[in-house]
Amino acid sequence: MISKHNFIIKHQDGSEYNLHNYGIWVHDFIISSPNFDTDTQQLRRKERIKKRVPKSRDVDIELLLQTDSMEELDEMIHLIYRIFYSYDEMEIIRDLTPDKRIFAVQEQSYGIDSITCEDGEININLKMYDPYVYSLEKTINVVESETPYSIGGLEPTEWKAKSVFTAATDSYVLNSEDGRLVINYDFKINDILEIDYKERLLLLNGYVIDVGLSLESIWFELKSGLNKLSATNKTEIYFSERHY
């Protein structure tokens, strides 16, 4: 039997751990509610909100270990150390919501509560500094004519794009209702243009060409709902919807 709270952890080095496959029972998995850090200003008669920023969220996990000996229990504990120890954010996909994922890091040390000499319980706290729950990566194909694309989720989201040129041209334009990117460059047939919204990065065949970005460009996120997009060359846009 598999725990309904079971999950997979993926590290940026490519290692992956399905806790059920290692005989680890996930007794509980709780993500704290979304919240805000609020910056206020005290006025004469009231306190005014100046800025609200999404706050990090806690993930509390309870694991139960059942082994046949103290030696096996010790090995299991060190396996858990290896699973949750990472310099970088870990990607976590729960069996309960296999189409969604979160990113978190281990924030506090933890120990084992002994049930017997062979069995134990471990409570681990993770921190989601990125407070959103993301869908798995999705793709839309943007064409020359303005086309509406439906983006799910509850918040605007970041994106990456890739365009392979089928003809030589001296410019590329990606349009939305909220902004546009204009790139002036001598593109050749089979050139590959990659755009990273989050990093504000333009790559042509793997090399940075930020100098080609026109000053009239306005970077834009993909908003939740309908987005009307067009591009002067067929473009694949990759994104993950943001949920709470």
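**Strands, cores and a pocket**

Mentor: Let us begin with strand β8 (100–106), which is joined to β10 by two bridges, the two strands running antiparallel. This is a predicted model, in which local features need pLDDT of at least 70 and side-chain atom pairs count only at pLDDT 80 or more, while totals for chains, interfaces and linings use all residues. Residues are numbered from 1 along each chain as its sequence is written, and side-chain values use heavy atoms, with hydrogens and water left out.

Trainee: What makes β8 and β10 count as paired?

Mentor: Two strands pair if DSSP finds at least two bridges between them, and strands themselves are DSSP runs of E with at least two residues, just as helices are runs of H or I with at least four, numbered from the N terminus. β8 and β10 have two bridges, so they meet that condition. Within this pairing, valine 105 stands opposite lysine 127 of β10.

Trainee: Which other strands does β8 pair with, and in what sense?

Mentor: β8 pairs with β7 over three bridges in the antiparallel sense, and a hairpin of five residues connects β7 to β8. Glutamate 91 stands opposite phenylalanine 103 of β8. Two bridges also join β8 to β11 (residues 133–135), again antiparallel, with arginine 101 and tyrosine 134 as bridge partners.

Trainee: Why is β8 described as largely enclosed by the rest of the structure?

Mentor: Buried means under 20% relative accessible area, exposed means over 50%, and partly exposed lies in between (1.4 Å probe, protein chains only). Five of the seven residues of β8 are buried, and therefore the strand is largely enclosed.

Trainee: Why is arginine 200 called partly exposed?

Mentor: Its relative accessibility is 37%, so arginine 200 counts as partly exposed. Arginine 200 is in the loop between β17 and β18 (201–204), and its phi is near 55 degrees, a positive value in a residue other than glycine.

Trainee: What makes the largest nonpolar core a core?

Mentor: A nonpolar core is a set of buried Ala, Val, Leu, Ile, Met, Phe, Trp, Tyr and Cys residues joined through side-chain atoms within 4.5 Å. The largest one has 28 residues, and Leu126 is one of those with the most contacts inside it. The helix α1 (70–84) is among the elements that give two or more residues to this core, and α1 gives the most, with seven residues.

Trainee: With which residues is leucine 126 in contact?

Mentor: Contact means heavy atoms within 4.5 Å. Leaving aside neighbours within four places in sequence, the contacts of leucine 126 include Ile61, Phe84, Ile92 and Val105.

Trainee: Why is the largest pocket called a pocket and not a cavity?

Mentor: On a 1 Å grid over the protein atoms alone, a cavity is a set of points where a 1.4 Å probe fits but cannot get out, whereas a pocket is an open set with protein on both sides within 12 Å along at least five of seven lines, and lining residues have an atom within 4 Å of a point. About 580 Å³ of space lies in the largest pocket, a volume being the space filled by probe spheres set on grid points, which are joined across faces, edges and corners. Of the 18 residues that line the largest pocket, the closest to its centre are Phe103, Tyr134, Glu158, Lys160 and Lys198.
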